[in-house]
Amino acid sequence: MSNRLLFPSATRRGALGLFSAGVALAGGAARAAPRTRSGNANLLWYEGPAKEWTEALPVGNGRIGAMVFGGVANEQLQLNEDTLWAGGPYDPVNPRAKANMAQLRKLIFDGRYPEAEAFANANVMATPLRQAAFQTVGSLAIAMAGIGDAPERYRRSLDIDSAMAETEFTIGGVTYRRRVIASPIDQVIAVHLSASRRGAISCRLGFASPLKQWTVAPEGVDTLLLAGRNDRHGDIPGALRFEARLLAQPKGGRVSAAGQELVVDGADELTLLIAMATSYRRFDDVSGDPAAITSAQIAKAASRSFATIAAATTAEHRRLFRRVTLDLGSSPAAALPTDARIRQSETANDPALAALYFQYGRYLLIGSSRPGSQPANLQGIWNDKPSPPWGGKYTVNINTEMNYWPAEPTNLPECVEPLIRMVREIAVTGARTARDMYGARGWVCHHNTDLWRATAPIDGAKFGLWPTGGAWLCTHLWEHYEYNPDRAYLASIYPVLKGAALFFLDTLQVDPKTGRLVTNPSLSPENDHGHGSSLIHGPTMDMQIVGDLFDQTAAAAHILGGDAAFADEVVAARKRLLPMKIGSQGQLQEWPEDWDANAGDIHHRHVSHLYGLYPSRQIDVDRTPELARAAQRSLEIRGDKATGWATAWRINLWARLRDGNRAHSILRFLLGPERTYPNMFDAHPPFQIDGNFGGAAGIAEMLVQNQGEEIRLLPALPQAWPEGSVTGLRTRGGCTIDLSWRGGRLESARIRGSVEGRRIVRLGEGRREVRIRPGREVRLKARDFGRA
């Protein structure tokens, strides 16, 4: 394998320091974002209402969300609350699993894979075999009186900088305007309707839900209640009560109740406040009072005007969103409506669309994962079905983790709190699974979990019998510490890390062929190895993840200054793990045997064995060049085009290999109509939000990478982005980085840090050691790196 392929010269030239230094931006300010016809680079906009759900525009405050369709005569807001899931508390561990585990392991070690799969399906899989689904609350319909569906002028938009969806149209000489926000402060969805003529707002307001048990009734003349119960999950009854409460506040005109609707007549303006809640308190407690919660939320918000609620919402959103700016340049394509830009993205030069996609990913994470909310699931927080694809669950063999890839590097560490809390909770339920299924200490989570924190293997052995999901999640807990060094936080998560490590110390098996420690039973996520099943011992991904878990747990023990004997045990086991292998095609082997060429699908969407390259750093272009070349060969065999999230993973992998042009080529496919819906949601297809987050992370990875105390600037800058700037990206050790470049070459870099210490900064082949001091800024130009 030639170095030219692994280290493409065109990409490396983009980061070289062999040119005259540019001028630092005045006052350290970020370059102004490119302007579109709308005057706002952070705007999605359209010339017609949404006809499909994947054309509607999302707002969310982490806990509740809405999809805004922008209809003319008939508007629809599809509504979600993050704890409305099917079923109730349950423990799915199969009571026969522990007694049959030894036989299952023997079948796998003996190579009797089809027999092992059948045996596992009969004796060890979860009961029930499926986990609970995330559900929609329903929808609010706004039926406008006296207007048709043929406006003379129309525009709808989502401003991801102000967190506001807006619809504006003119019909019969009257201009109507609707604005929608999701307030994280007041915990309501707020809608404001206005018109250019007084008394022009007349409408009917109604709730509906696709769930099985619900009622709608007015409360007084200005309030409408949707109340009900969640659906069953198989044989598990629905245990949650839910409520959506609507308050109508007209200015001028009047509001009244008519049957199951509210009627507004002749208003100058109308503000609608929507609160939603369930009785969920924790995975084992459903004693909450949704009526009391929504009543209190509406009462608080009702005392504030829409303008006040909206201003506070925007300010709170911008506190997070404006930490990072990105300018990749612009082109005439940026003047087009968003859906038109997506349709032509694979052929048109539209670097601003990539910047918008990056910031949209950050917007979606802020909207679906805030402190106190549930983590972002397969659909974030937005779902219009009682049972969405794959249940809208937390799939932890890649998808949930991908949701949080951009959180730390794009300066949204607060958004990780729900994930950390979920991992703490599955450490509780996972301890039961470890004990009752494996007879092990510690805790385990397989490839999915849900609101009830179920951790047993589901869906079928060939998909679900993978014990490493919890261990992968633990790497996010450790990463949060690396980006935000805090000893107290580390001490709080150490029991979770230790518990995950204990499970593997108890369950790792000695491989009869090599004498190495391996997982068994397991699989390389969802990929059939071509020998009658996916079940196997010691798949490469497992060894990489368990290796990271052991390394991080031992490091935490060392930092905290205790538990030395346990740390020694972990380190000793780490040295005995089955190492990565290079196969006959020059590829990184996915399994202990060289089976990659005979797998059922050599272009499989999962690239699980490349976890060691990204998001892990076990494979590195400089430190482990042979493994890096093998990982590249695996990527070449797999191909560039896959499902939405899998395409996003490939972007990150090629960026980690420092091939910016290849990463950008794949990004253009991700931004195209096959993998991006008109509202910029990721298309698996169907919709899955992980691709949005993975794509955003990939763009950041192309601009800044770091490992330990080393920071690499513009490591995978593509030729398609010859000039631009980024501010606010973060690295491990609490550093924040601003960059600008011109002609494909660094112009200036600024580094600020919260933790004192030395850092190695690299640009191409150049190297500069700097000292970070809190409250001070390091400024660098290309000439500071000497011969790059």
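## A tour of the predicted model

Start with the charges: the mean positions of the 91 positive and 81 negative charges of the protein are 4 Å apart. Lys and Arg count as positive, Asp and Glu as negative, and His and the chain ends are left out; a charge is placed at NZ of Lys, CZ of Arg, CG of Asp or CD of Glu.

This is a predicted model, in which local features need pLDDT of at least 70 and side-chain atom pairs pLDDT 80 or more, while totals for chains, interfaces and linings use all residues. Residues are numbered from 1 along each chain as its sequence is written, and side-chain values use heavy atoms, without hydrogens and water.

**Whole protein.** Show the cartoon: the protein has 19 helices and 31 strands (DSSP runs numbered from the N terminus: helices are H or I with at least four residues, strands E with at least two). The C-alpha atoms fill a box of roughly 80 × 70 × 50 Å along the principal axes. Of the 788 residues, 65% are buried (buried is under 20% relative accessible area, exposed over 50%, partly exposed in between, with a 1.4 Å probe and protein chains only).

**The core.** Select Leu465 and Trp649, which touch the most other members of the largest nonpolar core, a set of 237 residues. Such a core consists of buried Ala, Val, Leu, Ile, Met, Phe, Trp, Tyr and Cys residues joined through side-chain atoms within 4.5 Å. Next select residues 487-507: this is helix H13, which gives the most to this core, with 12 residues. Another core, of 12 residues, lies apart from the largest one and includes Met164, Ile181, Ile298 and Ile309.

**Ala86.** Go to the loop between strand E4 (74-81) and helix H3 (97-109), where Ala86 is found. Ala86 is buried, at 5% relative accessibility. Leaving aside residues up to four places away in sequence, its contacts (heavy atoms within 4.5 Å) include Ala132, Asn230, His233 and Trp452. Now select Leu451: its C-alpha atom is 8.8 Å from that of Ala86, although 365 residues separate the two along the chain.

**Cis bonds.** Select Thr127 and Pro128, whose peptide bond is cis, with omega near 5°. Another cis peptide bond joins Tyr614 and Pro615, with omega about 15°.

Which residue has phi near 55°? Select Trp390, a residue other than glycine, to see that positive value; Trp390 is partly exposed, at 43%. Finish at Leu714, where phi is about 50°. Leu714 is buried, with a relative accessible area of 0%.
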